[in-house]
Amino acid sequence: MLKYKITQVLNHTEMNDINWSDLSFSYMKTDYNVRCYYRDGKWGELEVHSSDQVSIHMAATGLHYGQEAFEGLKAFKGKDGKTRLFRIEENAKRMYNSAVGTMMAPIPEDIFVNAVLKAVELNKRFVPPYESGASLYIRPLLVGTGAKIGVAPTDEYLFMVFVMPVGPYFKAGFKPTNMMISRKYDRAAPLGTGNIKVGGNYAASLRAGHEAHENGYSAVLFLDSKEKKYIDECGPANFFGIKDNTYVTPKSESILPSITNMSLCQLAEDMGMTVERRQVPLEELSTFEEAGACGTAAVISPIGKIDDIETGTSYVFSKDGKPGVISEKLYNKLRAIQYGDEPDTHNWVTVVE
């Protein structure tokens, strides 16, 4: 039984004001968000709110000690008018692991799924139309709200889900962008929090990302923090390379397990390719025919070239400014499943009624 705490919707967005084909990847207020509180050792009922503000104690562990985790997934409207979610159960599992990794109260899968479905249903007018190039981005968030000054987990948490229509993560869309290697910064340490989705990992990448943008690159390719010998994360996404009909992606305890990458690995196998998840030495970049970054926000962002700014070495993957043939096939296949244009043979899609 849902509790509804719905007040008047302020700053009501008029649908005629939205140019679906020209959306950026940025926040837009929608009608409602869904929240659930953990108090007295248990999760409460789902609550629906129209305010996009959250009241939080100044001594909350989410503010002081990084007890915070989030997820990202999307809803897509097909040509049949149905709205689809992609692999929502995997997002629920990953947030559960993130909670365990930061000693927060884990979100039961049914609460996670029901909250996401409710948030999408309540904001269904914001699901972009088919073939607009846009989607409904869904952001589940878990944060420690209880007051605690000693360094220890708290006993109160807030789980919430909000949504917004977004355009492509990279302005260029599905076109190759250039990236740079930087050894000045580490995204995450071995045996740290790199394999869970917490805000601290992203905060640690901001300075490197800012320097990349100032130098004309879309993102930073991070190397492993221990030896600086192997490919790690690719900005806010996983890296993959393609050669000899093989899909290669790094294996590391400090890399976030991307649901998109997991799906691309399966699709690559379906296409008859060999899939290798292993350590990828830096020098192997010169052997790849194609390379890309993959994640929920961009699906696949093809890489045109990677510049090692310290050594002056450039690894070029696209000489004509176009994505690689296999990257394009994988991109189109995954998007076709997400939009319902191709059969969902792996049961990845949830249709929102």
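Predicted model: local features only at pLDDT ≥ 70, side-chain atom pairs only at ≥ 80, totals over all residues.
Residues are numbered from 1 along each chain as its sequence is written, and side-chain values use heavy atoms, with hydrogens and water left out. Local features need pLDDT of at least 70 and side-chain atom pairs count only at pLDDT 80 or more, while totals for chains, interfaces and linings use all residues.

**View 1. The largest pocket and its lining.** A pocket is an open set of points, on a 1 Å grid over the protein atoms alone, where a 1.4 Å probe fits, with protein on both sides within 12 Å along at least five of seven lines; lining residues have an atom within 4 Å of a point. The largest pocket holds about 840 Å³ of space, a volume being the space filled by probe spheres set on the points, which are joined across faces, edges and corners. Of its 38 lining residues, Tyr169, Tyr202, Gly235, Pro236 and Ala237 lie nearest the centre. At least two lining residues come from each of β8 (135-144), α4 (199-214), β11 (219-223) and β16 (290-295); α4 gives the most, with nine. Helices (H or I, at least four residues) and strands (E, at least two) are DSSP runs, numbered from the N terminus.

**View 2. The second largest pocket.** This pocket has a volume of about 410 Å³. It is lined by 25 residues, and Gly133, Pro168, Tyr331, Arg335 and Tyr339 are the closest to its centre. Two or more lining residues are given by each of β6 (73-77), β17 (299-308) and α6 (325-338). The largest share, four residues, belongs to α6.

**View 3. Strand β2 and its pairing with β9.** Six of the seven residues of β2 (residues 33-39) are buried, that is, under 20% relative accessible area with a 1.4 Å probe, protein chains only. Strands pair if DSSP finds at least two bridges between them. Five bridges join β2 to β9 (residues 157-166), and the two strands run antiparallel. Within this pairing, valine 34 stands opposite valine 161 of β9.

**View 4. Strand β2 with β4 and β3.** Strand β4 (residues 47-49) is antiparallel to β2 and joined to it by three bridges; glutamate 47 of β4 is the bridge partner of arginine 35. Two bridges link β2 to the antiparallel strand β3 (residues 42-43), where lysine 42 is the bridge partner of arginine 39. The hairpin formed by β2 and β3 has two residues between the strands, and aspartate 40 in the turn has a positive phi of about 55°.

Technical notes:
Buried < 20%, exposed > 50% of the residue type's maximum accessible area, 1.4 Å probe, protein only.
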